[in-house]
Structure formats: structure tokens, C-alpha cells
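Here is a short briefing on a single chain. Look over the sequence and the model first, then read the points below.

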Amino acid sequence: MAWPRVGIDQPDRSNAVGALAAIRRLEAAGVPAIWTVTGGRTIDALTVYAAAAVQSQRIVLGTGIIPTYPRHPFVTAQQTLAVHQLAPGRVRLGLGPSHRPIIEGSLGIPMEKPLTHLREYVTIVRALLWEGQVDFQGEFFRVRQRLPETAPVPIYTSALRPKAFRLAGEIADGAISWMCPAAYIHERAVPALEEGAQAAGRSRRPRLIVHVPIVMTTDVATMREKARPVVGLYGRMPFYAQMFATAGFPLENGQPSDALLDHLVVWGDADTVGERLAKLLESGIDEILTMLIPANDYQAEEAALASVLAALDERFGRSE
């Protein structure tokens, strides 16, 4: 199945009514896909999508991501099936282990061998959704269960470090990066995805979705001022800090450097942002997941970005 080349991060993660309004608004503006985080101080993405499925017609609904440790894979498969039944062909399931400060620090769940845990989780969910049943025994899970029908929903996994990209290359329909600089994507992520796909005997690597922060401003100082605390929030987590250092942009006194922000964030007026995103798509990235960081007027800036994404959707179409 062909999927959009561009999408947007859900702007309202804390209120279900606001999230539904945003999905309707963005679909009306021509945005082809939306991604919603589940975890931390957010509402549940699949619950919102069940409502959104019957209040929308075209927009593609993706979870980016659902943390695996707090939710049994059978429950995730059940919920995904329900949303798929309401919006067939419009659902994509993003899964990932999340981060130790959240899973262990906030939820009190031991986070052991996260990639092994993720491999087992995806194996179970895929069997349930694609085959309708599973009989699995592993290190973390023992599951023998059925679903009432199949739902061939593509399964994506989160990836920051090369090992996670290699795992996605082996088992997933796509990898979702987050806050990864473009050079890191091309130099580290793509080769690791290809290695994983080759090791699994796959004919090609899975789809690569790259998260891109956006600031709709023509002033570099404003971009840095608005983006620094957002990027810095992720830099507090060890996995992100390590990834930034590997990419050649180590944090400076715990904060992202100007060089990192200049490389990571796409900024400018609507025409400039559109062309910068187009160049990323032309560089071999399969899909861009934009995240708007407000500069001054969020509503106006969202409308401008939505127009950019609608134009890119027309220009680049869809791909497998």
C-alpha cells in the first residue's frame, strides 16, 4: 500500500476534544497524515483515533509511538483492530520501548533488554493483526490468543541508535526517528536499516520516517530561542544525548548547540520551509513527520505549515 510522504505531529496531546478538532482541521487543510505520541503527559492515541476514524475520511492516522512496556501486546492488537475496522487502510501502528526515565523512573516498570522486548512485542502484534492468531513463547511474553479477524496494519518501530535501526530493518514495516539530524540519518540510520533488512533476507529496507522540527520564522535568533528548550528537553534523556554526540553535535552544558539547532530544525517562511522539506524528500527519506514549534502565532503558523504539507503531498504523492 502507498503512504503519504509528509505528515504532522498531533498539536494537542492533552485533550481529546482538542485532538479531534485538530485532526478535522488538518484534514480540511489538506494534510495527508497525522502522528500522535502516547506516553508521559498525553492522552491515549488509539482511543482518540477510534473517534477520529468516524469524524474523518482521508487523513492517515499513525501512533508515533506507543510505549511497549506498560501495555500488553494483545491489548494493543485489539485496540488497533478496532480502529482499523473504523478506518480501514488509514491506520499505522508505531511501537517502541520508550526511555528508562519514563518506564522505570515514572512508571516503576523494570526496563530490561529493550530491543529484545520490542522484538517479541512486534512479533506477537504482527501475528495477531496479520494472521489473526499467535502462539508465542519468549523471554518476556507467553501469548496464545486469537482475534476475530485480521487487520494488515503496518507496524513501525522507534529508532535512535544504529542497533534500533537494524532491528527495524529486520522486523518492521518502517522506522520512526525522532530529533535525528539529517546527516545522522544518512550516515548511520539508512545503512543500519539496510543491514537489518539484508540479515533478515528482505529484498529492500523498510520505510524510513524522519521527524523534523519546524519553526515558521525568517529570523535565526528566534528559531534558536524557540527550538532550544524543546530540543533540550529530549537532550536530558541519555539515548538522545548519546545520539546527538554520535551525530557530531554533543550537548554544551546540557543544552543543544547552535550548530545542532541549525542542522536539525527547518525554519523560514512558507516557501523556504517547503523547499527545505522537498530537498529532504529528494535525498532518499521516505517520509517526513513535521513538528511545529510555535514562534509567535500558533494558529497562523499551523495554517502556513499545513499549506506547505498539502503542496508537498500534491508534488510528491505517495510511496510504498
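In which helix does Glu 302 lie? Glu 302 belongs to helix H12, which covers residues 298-316. The model is predicted.

**Glu 302 and its surroundings**
- Glu 302 is buried, because its relative accessible area is 5% and the cut-off for buried is under 20%.
- Setting aside neighbours within four places in sequence, Glu 302 is in contact with Pro 11, Arg 25, Leu 26 and Leu 292.

**Fold and dimensions**
- The chain contains 12 helices and 14 strands.
- The radius of gyration is 19 Å. A compact globule of 320 residues would have a value near 20 Å, so the chain agrees with that expectation.
- Along the principal axes, the C-alpha atoms fill a box of roughly 55 × 40 × 40 Å.

**Packing**
- Buried residues make up 55% of the 320 in the chain.
- Take the contacts in the chain with a separation of 6 or more: 74% of them join residues 24 or more positions apart.

**Surface and charge**
- The chain exposes about 13,500 Å². Carbon and sulfur atoms supply 49% of that area.
- The chain carries 32 positive and 33 negative charges.

Key: Residues are numbered from 1 along each chain as its sequence is written. This is a predicted model: local features need pLDDT of at least 70, side-chain atom pairs count only at pLDDT 80 or more; totals for chains, interfaces and linings use all residues. Side-chain values use heavy atoms; hydrogens and water are left out. Helices (H or I, at least four residues) and strands (E, at least two) are DSSP runs, numbered from the N terminus. The radius of gyration is taken over C-alpha atoms; the globule rule is 2.2 Å times the number of residues to the power 0.38. Buried means under 20% relative accessible area, exposed over 50%, partly exposed in between (1.4 Å probe, protein chains only). Contact means heavy atoms within 4.5 Å. Accessible areas come from the Shrake-Rupley method with a 1.4 Å probe; for residues, only the protein chains shown count as cover. Lys and Arg count as positive and Asp and Glu as negative; His and the chain ends are not counted. The place of a charge is taken as NZ of Lys, CZ of Arg, CG of Asp or CD of Glu.
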